[in-house]
Amino acid sequence: MERPELALPQLHAFVVLAEELHFGHAATRLGIAQPPLSQQIRRLEDKVGYALFSREPGRIGLTPAGQALLPAARHALTDLAEGLTAAREAGSGRAGRLRIGFAASLALTVLPALLRTFREQLPAVDLDIQEMTTAPQLAALRERTIDIGLLREPPAHDTELGFQTALTEPFVAVLPSSHPCAAQHAIRIEQLADCPFVLLPRAVGPALYDQITGLCIAAGFAPQVTQHAVEWQTVCALVETGLGVSLAPESIRRIRLEGVAFRKIEPDTARTRVAVAWRKNDSNPLVPRLLAALDQDPPDRP
């Protein structure tokens with residue numbers, strides 16, 4: 001198909017004249033004199049190869065060629081105007097697309113409040129929400145397949161990525177309801193020394209895994225991890241079956257399973273950090289907008 005090379009002023013002049021069917025009125029509406037308007041129409045007719053207007057004394061009208069061109073010309077001008085508006089909205093951070101990765105457990109804490117606030121402020125933004133664990137999020141940020149990450153225990157130092165703390169929360173013990181410690185209001189970690197553990201694989205969240213195993217080591221034992229599960233929902237389900245116990249962020253207690261007991265740990269000084277992550281050199285104006293929404297409406301604590 002031949003690529004049309006039409007000047008926008010010519011198309012605009014054509015549409016206005018087609019609507020007014022009067023050179024004087026059309027020129028006034030365009031804010032130009034009649035001779036330049038006539039020149040624009042002549043150039044467009046030369047490009048088309050046919051007359052677009054019939055000219056009779058005191059009267060003009062559209063030719064069949066002009067009638068055929070008018071809908072496409074209107075459509076092209078409308079599309080361009082809408083495209084310019086969309087570009088300005090996206091450039092200002094009022095519209096566009098934001099891709100967000102989130103750890104599943106954060107749907108219990110940070111995610112709902114943050115997205116609610118963001119959507120109230122910027123309803124025209126298209127949000128692409130993807131569930132993924134911490135390590136894949138970090139990789140996706142570097143590969144530019146997501147723009148924002150919501151994750152646990154970000155790396156301490158990173159030259160490419162920035163991190164902003166969204167919340168910190170303590171740990172709880174996750175026990176089968178039949179476990180002897182489930183009868184207590186709170187337990188000490190060393191009481192779990194002889195129990196098999198169910199944990200997330202270290203590969204999906206190395207810092208969190210090391211923090212949990214570090215709590216056990218500080219209590220005098222290395223945890224015997226006999227089962228792994230990628231999501232906390234699955235960890236709790238395996239604990240319910242009696243396959244082991246776990247240590248988890250406190251928000252996990254919002255997962256309601258009849259055969260699972262969540263118990264406070266004493267002392268409860270250890271905290272896990274939830275952070276928002278982004279590329280430091282990202283030019284997407286929606287990224288700082290989301291960070292500002294986090295500051296304005298901090299997420300509910302568990």
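The model is predicted.

**Helix α3**
- Helix α3 covers residues 34-48.
- Its 15 residues should span 21 Å at 1.5 Å a residue, and the end C-alpha atoms are 21 Å apart, so expectation and model agree.
- Five names make up its buried set: Leu-37, Gln-40, Ile-41, Leu-44 and Glu-45.
- Viewed down the axis of α3, these buried residues stay within an arc of 130°, so they line one face of the helix.

**Parallel pair β3 and β4**
- Strand β3 (residues 96-102) runs parallel to strand β4 (residues 125-131), and seven bridges join them.
- Within this pair, Phe-102 stands opposite Glu-131 of β4.
- Helix α5 (residues 110-121) lies on the chain path from β3 to β4.
- This β-α-β crossover is right-handed.

**Partners of β11**
- Strand β11 (residues 260-265) pairs with strand β6 (residues 161-176) in the antiparallel sense, over five bridges.
- Pro-176 faces Val-260 of β11 as its opposite residue.
- Strand β7 (residues 186-187) is also joined to β11, here by two bridges and in the parallel sense.
- Ile-187 stands opposite Ile-265 in β11.

**Aromatic pairs**
- The count of aromatic pairs comes to two.
- One of them is Phe-197 with Phe-221, a tilted pair with 6.2 Å centre to centre and 45° between the planes.
- This pair links distant parts of the chain, 24 residues apart.
- Phe-197 belongs to strand β8 (residues 196-199), while Phe-221 is in the loop between α7 (206-218) and β9 (224-228).
- Both Phe-197 and Phe-221 are buried.

**Ser-246**
- Ser-246 is in strand β10 (residues 246-249).
- Its relative accessibility is 0%, so Ser-246 counts as buried; the cut-off for buried is under 20%.
- The Ser-246 side chain reaches the backbone oxygen of Val-198 at 2.7 Å.

Methods: Residues numbered from 1 in each chain as written. Predicted model: local features only at pLDDT ≥ 70, side-chain atom pairs only at ≥ 80, totals over all residues. Heavy atoms only, no water. Pairing = 2+ DSSP bridges. Helix = DSSP H or I, 4+ residues; strand = E, 2+ residues; numbered from the N terminus. Phe/Tyr/Trp six-rings, centres within 6.5 Å; stacked < 30°, edge-to-face > 60°. Buried < 20%, exposed > 50% of the residue type's maximum accessible area, 1.4 Å probe, protein only. Expected span 1.5 Å × (residues − 1). Arc of directions from axis to C-beta. Right-handed = clockwise from strand over helix to strand, strands pointing away. Polar contact = N/O pair within 3.5 Å; in protein donor to acceptor, adjacent residues only side chain to side chain.
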